[in-house]
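Below is a note for a colleague who has not worked with this structure before. Please keep the sequence and the model open while reading the numbered points.

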Amino acid sequence: MPIALMLEDEAERLVRFRAVAARLGCELVCWPNAHRMIAEMGERLAEAAFISLDHDLEPEDATDPGDGLDVAKHLAGLSPTCPVIVHTSNGARGDSMMGEFELAGWRHHRVLPIGDDWIEVDWAWHARNLLRREKRVRRTTDKPSAPPGD
């Protein structure tokens, strides 16, 4: 089952994201804190079909949760491994996140949280297309090569 990595702290949104991911046959691995995501996602990054990032995060306790731009800057310092969806309503910071991915050569998409069904319609459309592409790529790379002389 493909996995997607997500930075999101809003419980209601997470329920909806998880429902869409389940319908698409995808496991969603989520973090509500940018610093924890950066520290923990390394082992999952190579197997991720895509990453989806919010920007604005609410503090847990009195600790600063960081934000999506922190994760974008971290990822921009790595070799691109999979596409990224930026799903924040923070226009200026979303643009900054997109810029980080553009300069670093990561494939990236923007989904604006507009309307009551943006997760089920807009985000789902991007996720579905990215998962289909990932499935085609894996199928192509998993084919055995022809024996020499054939």
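How many aromatic pairs does the structure hold? The first point takes this up.

1. Aromatic pairs. This is a predicted model, and the structure in it holds four aromatic pairs. One of them is formed by Phe-17 and Trp-118, with an edge-to-face arrangement: 5.7 Å centre to centre and 80° between the planes. Phe-17 belongs to helix H1, while Trp-118 sits in the loop between strand E5 (108-110) and helix H6 (119-141), so the pair ties together parts that are 101 residues apart in sequence. Phe-17 has 0% relative accessibility and therefore counts as buried. Trp-118, at 4% relative accessibility, also counts as buried. One aromatic cluster is made up of Phe-17, Phe-50, Trp-118 and Trp-123.

2. Helix H1. This helix covers residues 11-23, and at 1.5 Å a residue its 13 residues should span 18 Å; the end C-alpha atoms are 19 Å apart, which agrees. Which residues of H1 are buried? They are Arg-13, Leu-14, Arg-16, Phe-17, Val-20 and Ala-21. These residues cover an arc of only 165° around the axis, which puts them on the same side of H1. Ala-11, Val-15, Ala-22 and Arg-23 are exposed on the other side of H1. After H1 comes Gly-25, which has a positive phi, near 75°.

3. Strand E1 and its neighbours. E1 is mostly covered, five of its five residues being buried. Both faces are involved: Ile-3, Leu-5 and Leu-7 are buried on one side, Ala-4 and Met-6 on the other. E1 pairs with E2 in the parallel sense over five bridges, and Leu-5 has Val-29 in E2 as its bridge partner. E1 also pairs with E3, again in the parallel sense and over five bridges. Within that pairing, Leu-5 stands opposite Ile-51 in E3, and Leu-7 stands opposite Leu-53 in E3. Together, E1, H1 and E2 make a β-α-β unit that is right-handed.

4. E3 and E4 run parallel and are joined by three bridges. Ser-52 has Ile-85 in E4 as its bridge partner. From E3 the chain crosses through H4 to E4, and the handedness of this β-α-β crossover is right-handed.

5. The largest nonpolar core. In general, nonpolar side chains tend to be buried together in soluble globular proteins. Here the largest nonpolar core has 24 residues, and those with the most contacts inside it are Leu-5, Met-37, Ile-51, Leu-53 and Leu-75. Which elements each supply at least two residues of this core? They are strand E1 (3-7), strand E2 (27-31), helix H2 (34-40), strand E3 (48-53), helix H4 (68-76), strand E4 (84-86) and helix H5 (91-104). H4 gives the largest share of this core, four residues. Another core, of 20 residues, lies apart from it; among its residues are Ala-21, Leu-28, Ile-85 and Leu-130.

6. Gly-68. This glycine is found in helix H4. Is Gly-68 buried or exposed? With a relative accessible area of 0%, Gly-68 is buried. Between Gly-68 and Ser-96 there are 9.8 Å in space, C-alpha to C-alpha, and the two are 28 residues apart in sequence.

7. Helix H5. H5 has 14 residues and reaches 20 Å from its first C-alpha to its last, close to the 20 Å expected at 1.5 Å a residue. Buried in H5 are Gly-94, Met-97, Met-98 and Phe-101. Their arc around the axis is only 95°, which puts them on the same side of H5. The exposed residues Ala-92, Glu-102 and Leu-103 are carried by the face of H5 turned away from its buried side.

Notes
Residues numbered from 1 in each chain as written. Predicted model: local features only at pLDDT ≥ 70, side-chain atom pairs only at ≥ 80, totals over all residues. Heavy atoms only, no water. Core = buried A, V, L, I, M, F, W, Y, C linked by side-chain atoms within 4.5 Å. Buried < 20%, exposed > 50% of the residue type's maximum accessible area, 1.4 Å probe, protein only. Expected span 1.5 Å × (residues − 1). Arc of directions from axis to C-beta. Phe/Tyr/Trp six-rings, centres within 6.5 Å; stacked < 30°, edge-to-face > 60°. Pairing = 2+ DSSP bridges. Right-handed = clockwise from strand over helix to strand, strands pointing away.
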